[in-house]
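This report examines a protein together with its ligand. Please keep the sequence and the structure in view while reading.

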Amino acid sequence: MSYETILYDAADGIAKITLNRPETLNAFNNKMTEETIDAFKQAGRDKAVRCIVITGSGRAFSSGQDLKAVQDRGEDFSIGDHLRSGYNRLILQMVQLEKPIVGAINGVAAGAGCGVALACDLRIASHKACFMQAFSRVGLIPDSGTTWLLTRLIGYSRAYQMAVTADRIPADKALEWGLVNVVAPEEQLMEIVMAWAGPLSTGPTLAYGLTKRAMIKAMNMTLEEALAYEAQLQEIAGRSHDRMEGVQAFLEKREPQFKGE
Ligand code: T3D
């Protein structure tokens with residue numbers, strides 16, 4: 001797959017998306033947003049892909065909205081429409097994609113770049129990475145799903161602090177706050193990310209996907225509703241190849257050979 005602003009590579013069950021505008025710290029212009037949406041679509045459709053890794057090239061994950069592109073906007077430009085047609089679609093697509101997404105957060109993740117990082121299911125951060133709700137520095141409110149994702153991940157008080165101070169939250173504090181799963185030495189980041197992605201790409205993908213759906217939905221459910229929804233989705237997982245294979249492998253004292261189905 002050939003793109004202008006990102007790199008896309010799929011091999012051995014893992015699709016890797018690299019935001020590739022390093023001269024802007026991988027800022028999102030319209031082209032990069034569209035291409036990233038397209039890449040996630042490809043990864044979602046490709047049955048051979050069972051785990052997605054997203055990272056940035058150079059020293060940043062992403063600096064968010066391309067602020068140079070903002071200068072070209074006319075008086076009638078609608079930021080609301082810009083969000084609806086771009087970031088909102090991308091964030092929803094990531095959250096609704098029923099395959100695990102691992103964020104390899106190699107550097108700063110600011111503004112919409114922070115939103116994309118938070119829309120990943122797992123975040124493995126370089127010790128040089130940081131998270132920044134940069135929006136208030138340009139007179140905006142947090143967008144790209146961060147009002148929803150960040151408050152759920154770290155709670156209202158810390159999320160509000162990040163929004164109004166726009167401070168950079170370094171990797172070690174991000175780990176302490178539950179913003180990332182692991183902090184890795186910069187030079188070992190991709191090795192550690194692949195050590196996570198590998199087993200995910202050979203795991204029970206259907207169950208992983210349904211788990212994501214159930215957990216996201218449960219965030220807005222009562223316990224009774226969540227229990228009922230678990231039972232509904234477990235009905236599907238329980239009839240899958242991988243469920244049968246998992247039980248069989250246990251009984252035969254061998255490693256399961258999951259197909260993701
Ligand atoms: O309006 C809407 O569309 C609504 C949507 C909003 C979504 C958002 O994401 S709003 C938030 C936008 N992002 C920001 O406000 C962050 C802007 N960038 C920064 O604050 C800093 O660059 C960083 C804290 C991310 C990193 O700082 P530092 O000191 O490590 O790097 P730097 O020197 O500032 O940047 C290096 C280069 O990247 C520099 O270019 P140059 O001077 O070497 O040619 C800089 O201009 C460029 N760059 C960094 N961020 C952006 C950018 N270019 C365009 N857009 C950027 N967002």
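## A contact between neighbouring side chains

In this predicted model, the side chains of serine 144 and aspartate 143 are joined by a polar contact of 2.9 Å. Serine 144 belongs to the loop that runs between strand 8 (130-132) and helix 6 (146-154).

Is serine 144 buried or exposed? Its relative accessible area is 2%, and because buried means under 20%, serine 144 counts as buried.

## The ligand and its surroundings

Two elements each contribute two or more residues to the shell around the ligand, namely helix 2 (67-70) and helix 3 (79-85). Helix 3 makes the greatest contribution to this shell, with three residues.

How many residues surround the ligand? There are 25 of them, and the closest are Arg59, Gln65, Leu67, Arg73 and Ala112.

## Polar atoms facing the ligand

An oxygen atom of the ligand lies 2.8 Å from a polar side-chain atom of arginine 59. With serine 63, the pair consists of a polar backbone atom of the residue and a nitrogen atom of the ligand, 2.9 Å apart. For glutamine 65, a polar backbone atom is found 2.8 Å from an oxygen atom of the ligand.

How much of the ligand does the protein cover? On its own the ligand has 1,000 Å² of accessible area, and the protein covers 73% of this area.

Most residues other than glycine have a negative phi. Against this background, two residues deserve attention.

Asparagine 26 has a phi near 60 degrees, which is a positive value in a residue other than glycine. The residue is placed in the loop between strand 2 (14-19) and helix 1 (30-45). With a relative accessible area of 0%, asparagine 26 is buried.

Alanine 166 is likewise not a glycine, yet its phi is positive, at about 55 degrees. This alanine lies in the loop that connects helix 7 (156-165) and strand 9 (168-170). Its relative accessibility is 4%, so alanine 166 counts as buried.

## The loop between helix 2 and helix 3

Glycine 74 is located in the loop between helix 2 and helix 3. Is this glycine buried, partly exposed or exposed? Its relative accessibility is 48%, and therefore glycine 74 counts as partly exposed. From C-alpha to C-alpha, glycine 74 and lysine 128 are 37 Å apart in space, while 54 residues separate them in sequence.

Glutamate 75 is also found in the loop between helix 2 and helix 3. Its relative accessible area is 85%, and because exposed means over 50%, glutamate 75 is classed as exposed. The C-alpha atom of glutamate 75 is separated by 34 Å from that of glycine 58, and the two residues are 17 residues apart along the chain.

## The end of helix 10

Alanine 218 is part of helix 10, which covers residues 205-218. Why is alanine 218 described as partly exposed? Its relative accessible area is 30%, and this value falls between the limits because buried means under 20% and exposed means over 50%.

Alanine 218 and tyrosine 229 are 11 residues apart along the chain. Their C-alpha atoms are separated by 8.3 Å.

Key. Residues numbered from 1 in each chain as written. Predicted model: local features only at pLDDT ≥ 70, side-chain atom pairs only at ≥ 80, totals over all residues. Heavy atoms only, no water. Near = heavy atom within 4 Å. Polar contact = N/O pair within 3.5 Å; in protein donor to acceptor, adjacent residues only side chain to side chain. Areas by Shrake-Rupley, 256 points an atom, 1.4 Å probe, with all protein chains shown as cover. Helix = DSSP H or I, 4+ residues; strand = E, 2+ residues; numbered from the N terminus. Buried < 20%, exposed > 50% of the residue type's maximum accessible area, 1.4 Å probe, protein only.
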